Amino acid sequence: MGTLRTGALTRRRAGVRAADLEYAVLDMETTGLDPGAGARVVEVAVVRVRGDGKVVEEFNSLVDPRAEVSGQEFHGIGDSDVVGAPTVADLVPHLTRLFSGAVVVSHNLDFEQRFLSSELVPAGLPEGQAGLCTLRALRSQIELERYSLPRASHALSGHWPTGQHTALGDARACAMLLVELIANAPGALRYRGAPPRVLSAPRANGSEPARRKPRTVPLPGGPEAPRSWERPWRSVELDPLLCGGVFGEDERMIAERAAYHGTRSRRRMAAAAAVAGGVAATAAGGMLVRLAGLRNRTG
């Protein structure tokens with residue numbers, strides 16, 4: 001079993017209404033892209049939000065990677081910034097509480113999954129929680145030129161997200177995108193996948209809870225309200241499993257062809273069922289006529 005059991009958003013009548021769930025929107029800043037090559041987490045943030053847009057809690061902290069901090073040109077975090085910061089293991093009990101009972105969400109969840117598996121699970125984070133990738137969900141539902149978090153946010157709402165390349169700034173932008181996706185859908189979006197689990201938090205290291213070291217301050221006046229936007233949704237949603245990776249022209253064409261053929265297959269099955277139902281109704285009608293004639297002869 002993977003760290004997360006990844007589900008999907010769908011417009012079909014399957015699963016739980018997405019607006020009725022709670023989500024733990026996760027973002028990490030790291031020293032590199034590949035934990036197998038030594039990349040480590042240097043900042044983590046979670047925005048706990050309801051499907052109706054109500055923010056329940058925000059959390060963020062720098063992380064001491066116990067290694068040299070690289071990648072400053074992307075995240076702006078240096079060695080001196082993580083002095084006195086907790087380790088990933090110190091934060092696991094608090095992150096477990098934030099994940100409990102929620103769907104864990106990231107924009108490109110595959111990336112976060114790698115670091116969850118390499119650092120947080122070995123430190124005690126429970127496995128098997130429900131997950132959702134907004135990058136795959138967006139590609140599945142809406143046609144855009146680019147799907148990165150800032151570009152998608154601007155294309156849909158007309159606003160660039162603030163705090164880019166900070167864990168909390170990106171988690172806030174992802175949470176906003178998710179809520180707007182649910183609110184602006186042409187019909188109720190549903191979450192199809194394993195239900196969220198209530199998790200038991202591991203025992204904290206030491207006698208006192210870890211002292212987090214935030215980098216991003218709270219928003220004055222609280223989080224922004226979700227925006228309304230008009231965007232042509234795909235007439236046929238794509239399979240999210242085909243919407244990962246770079247999603248270039250070839251990948252898009254494969255996903256769209258698969259969706260088209262899948263729709264044609266479903267339509268053929270529905271037509272066949274309708275024909276079969278018509279034949280059955282005709283046969284039943286003939287039987288009723290014959291029974292009525294028999295009763296008239298014997299009555």
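Valine 16 stands opposite tyrosine 191 in strand E9. The model is predicted: local features need pLDDT of at least 70, side-chain atom pairs count only at pLDDT 80 or more, and totals for chains, interfaces and linings use all residues. Residues are numbered from 1 along each chain as its sequence is written, and side-chain values use heavy atoms, with hydrogens and water left out. The protein has seven helices and nine strands. These elements are DSSP runs numbered from the N terminus, helices being H or I of at least four residues and strands E of at least two.

**The E2-E9-E3 sheet**

- Strands E2, E9 and E3 form an open, antiparallel sheet in that order.
- E2 (8-10) and E3 (16-17) stand at the edges, each with a single partner strand, so one side of each has no neighbour in the sheet.
- E3 and E9 (residues 190-192) run antiparallel and are joined by two bridges.
- Two strands count as paired if DSSP finds at least two bridges between them.
- Strands of a sheet pair through backbone hydrogen bonds, either parallel or antiparallel.

**Parallel pairing around E7 and E8**

- Strand E4 (residues 22-30) pairs with E7 in the parallel sense over three bridges. Tyrosine 23 stands opposite valine 103 in E7.
- Strand E7 (residues 103-106) also pairs with E8, again parallel and over three bridges. Here valine 104 stands opposite glycine 131 in E8, and serine 106 has cysteine 133 as its bridge partner.
- Strand E1 (residues 4-6) pairs with E8 in the parallel sense over three bridges. Leucine 4 has glutamine 129 as its bridge partner in E8.
- E7, helix H3 (residues 109-120) and E8 make a right-handed β-α-β unit. Right-handed means that, with the strands pointing away from the viewer, the path from the first strand over the helix to the second runs clockwise.

**Burial of E7 and E8**

- Both faces of E7 are covered. Val103 and Val105 are buried on one side, Val104 and Ser106 on the other.
- Strand E8 (residues 129-133) is mostly covered, with five of its five residues buried.
- Buried means under 20% relative accessible area, exposed over 50%, and partly exposed in between (1.4 Å probe, protein chains only).

**Serine 157**

- Serine 157 lies in helix H5 (residues 149-157).
- Serine 157 counts as buried because its relative accessibility is 17%.
- Its side chain reaches the backbone oxygen of serine 153 at 2.7 Å.
- Leaving out residues up to four places away in sequence, serine 157 touches Glu180, Arg227 and Trp229. Contact means heavy atoms within 4.5 Å.

**Whole protein**

- Of the 299 residues, 43% count as buried.
- Among contacts with a separation of 6 or more, 77% come from residues 24 or more positions apart.
- The protein exposes about 15,500 Å², and carbon and sulfur atoms supply 55% of it. Accessible areas come from the Shrake-Rupley method with a 1.4 Å probe; for residues, only the protein chains shown count as cover.

How values were computed: Polar contact = N/O pair within 3.5 Å; in protein donor to acceptor, adjacent residues only side chain to side chain.
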